[in-house]
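I opened a structure file today and kept notes on what I looked up. The entries follow in the order I made them.

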Amino acid sequence: MNVCIIGTGYVGLPTGVGLAELGNSVTCVDRESSKIEALRAGRVTLYEAGLEELFHKNVAAGRLHFTTSMKEGVEQADLVLIAVGTPPHPVTREADMKYVHAAATELAEYLKGYTVIADKSTVPVGTGDDIEVLIRKKNPQADFDVVSLPEFLREGFAVHDFFHPDRVVVGANTERAVEVIRRLYQALPDAPLLFVKRRSAETIKYASNAFLAIKIHYINEMADFCEKAGADIHEVARGMGMDSRIGPRFLQPGPGYGGSCFPKDTMALAYMARQNDVDMSLVKAAIEGNRKRKKQMAERILGAVADVEEPRIAVLGLAFKAGTDDCRESPAVEIIAHLLEGRAKVTAYDPKAMDTARALLGDRISYAESMYEALEGADVIAILTEWEEFKSLDLEQAARIMRHRRIMDYRSLLDAAATEKHGVSYQGIGG
């Protein structure tokens, strides 16, 4: 099948590589010429475990192509996937649809023969209808269907999730479009396909992400309760997770949720609820609680160095989660902003996200080349991303090179007793 993907970000690029690996001819289109030039030169423009190897394999096989030309990508396509950003509107916080609308309007001109347009971006309910209108207005003779094909790729596990999906949700209103999507996924015979109304598919994505965000907010509130009540949140979470109705995932307390999905999608869903006169109190509570959570974590760190003049804080982790270099809405970045307001000096290290964090934080903090360089002269270590590398922290070396021996472990990576044996005070979350 000839596939065109519009957008080469954290959704478009892994999806394009995955579809090429399944034997399709894939052309990725992006307006940013610098991205396309880098990809054509063999430089993968984002970090995702396992992506680079498959990228080079499929480029070499001639199944993966990159262009800035919408015409080149769309004209021969049987299927066009729209995978552009839908960032929060700066005022209303609804999903900003300008990139989706622009892509739909531009691609309309180049449709030839029957084509399925699949919306891969996370979009408000009813967007499929809007795309249909835009395409018909631009090209009344076009033969096409619009489907909703929401992505469920976890950052850090996108390659794995592409080939081993929990489900593939397809919002299609015609049998003709259904058959095209069935053919696309023939190469993944074990993939559970769920065919629903287009508006249901658009809703499933938001409903899923909002539920997970609420689950994270809930376990963080329970962690605060455990600290006051004398319980251990990790024991509590294990006991909860053994209940098959609840499950163990997303019950890890931490500094709050972040990334490109949960913050954006909860705000967009809250906006849509208001537009439909529905009071989504749980979603609103998660949004507000998550905002407070990050400030609360920063205040704890500043409290640990309240007795130190000109405190130096070593931050381990900048990405919003391990396995990715994405710093959008990262708890670490937001916590650092609060630390800087408290006039602390921050030195940070992350195995993969240094460049993306630098684009957000600039020269307001220092950047270390290694974990131990970040710790030199520090008064406290704040662990804010759950990278495996941080679990192997040499506590003896850390104690030797720090000015004051304090660790705030907000990802529960280290053993409290072992830490304190080395003369390093330890504060975790929830017990």
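**Entry 1: overall make-up**

I counted the secondary structure and got 17 helices and 14 strands in the protein. I note that the model is predicted. I looked up the radius of gyration next: 23 Å, close to the 22 Å that the globule rule gives for 431 residues, so the protein is as compact as a globular protein of that length.

**Entry 2: an open sheet**

In which order do the strands of the open sheet lie? I read off 11-10-9-12-13-14, six strands with parallel pairing. I reminded myself that strands of a sheet pair through backbone hydrogen bonds, either parallel or antiparallel. At the edges I found strand 11 (366–367) and strand 14 (425–427), each of which pairs on one side only.

Strand 12 (residues 380–383) and strand 13 (residues 406–409) run parallel and are joined by three bridges. I located I381 and saw that it stands opposite I407 in strand 13.

I also checked what lies against the sheet. Helix 12 packs on it, touching strand 9 (312–316), strand 12, strand 13 and strand 14. The direction of helix 12 makes about 170 degrees with that of strand 13.

**Entry 3: helix 9 and helix 12**

I stayed with helix 12 (residues 281–304) and looked at helix 9 (residues 198–229). Their axes come within 9 Å and cross at roughly 50 degrees. Helix 9 and helix 12 are therefore oblique to each other. I noted the crossing as left-handed.

Which residues meet here? On helix 9 I listed A210, A213, I214, H217, N220, A223, D224 and E227. On helix 12 their partners are L282, V283, A285, A286, G289, N290, R293, Q296 and R300. Sorted by class, this contact has eight nonpolar, five polar and four charged residues.

**Entry 4: helix 5 and helix 6**

Helix 5 (residues 98–108) and helix 6 (residues 127–138) pack at an angle of about 35 degrees, with their axes 8 Å apart. Is this crossing left-handed or right-handed? I wrote down right-handed for helix 5 and helix 6.

From helix 5, the residues in contact are V100, H101, A104, T105, L107 and A108. They meet T127, D130, I131, L134, I135 and K138 in helix 6. By class I have seven nonpolar, three polar and two charged residues in the contact of helix 5 with helix 6.

Conventions:
Residues are numbered from 1 along each chain as its sequence is written. This is a predicted model: local features need pLDDT of at least 70, side-chain atom pairs count only at pLDDT 80 or more; totals for chains, interfaces and linings use all residues. Side-chain values use heavy atoms; hydrogens and water are left out. Axes are lines fitted to C-alpha atoms, for helices over the stretch in contact, and angles run from 0 to 180 degrees between N-to-C directions. Helices (H or I, at least four residues) and strands (E, at least two) are DSSP runs, numbered from the N terminus. Angles under 35 degrees count as roughly parallel, over 145 as roughly antiparallel, 65 to 115 as roughly perpendicular and the rest as oblique. A crossing is left-handed if the near helix is turned anticlockwise from the far one by less than a right angle, and right-handed if clockwise. Contact means heavy atoms within 4.5 Å. Ala, Val, Leu, Ile, Met, Phe, Trp, Tyr, Cys and Pro count as nonpolar, Asp, Glu, Lys and Arg as charged, and the others, Gly among them, as polar. Two strands pair if DSSP finds at least two bridges between them. The radius of gyration is taken over C-alpha atoms; the globule rule is 2.2 Å times the number of residues to the power 0.38.
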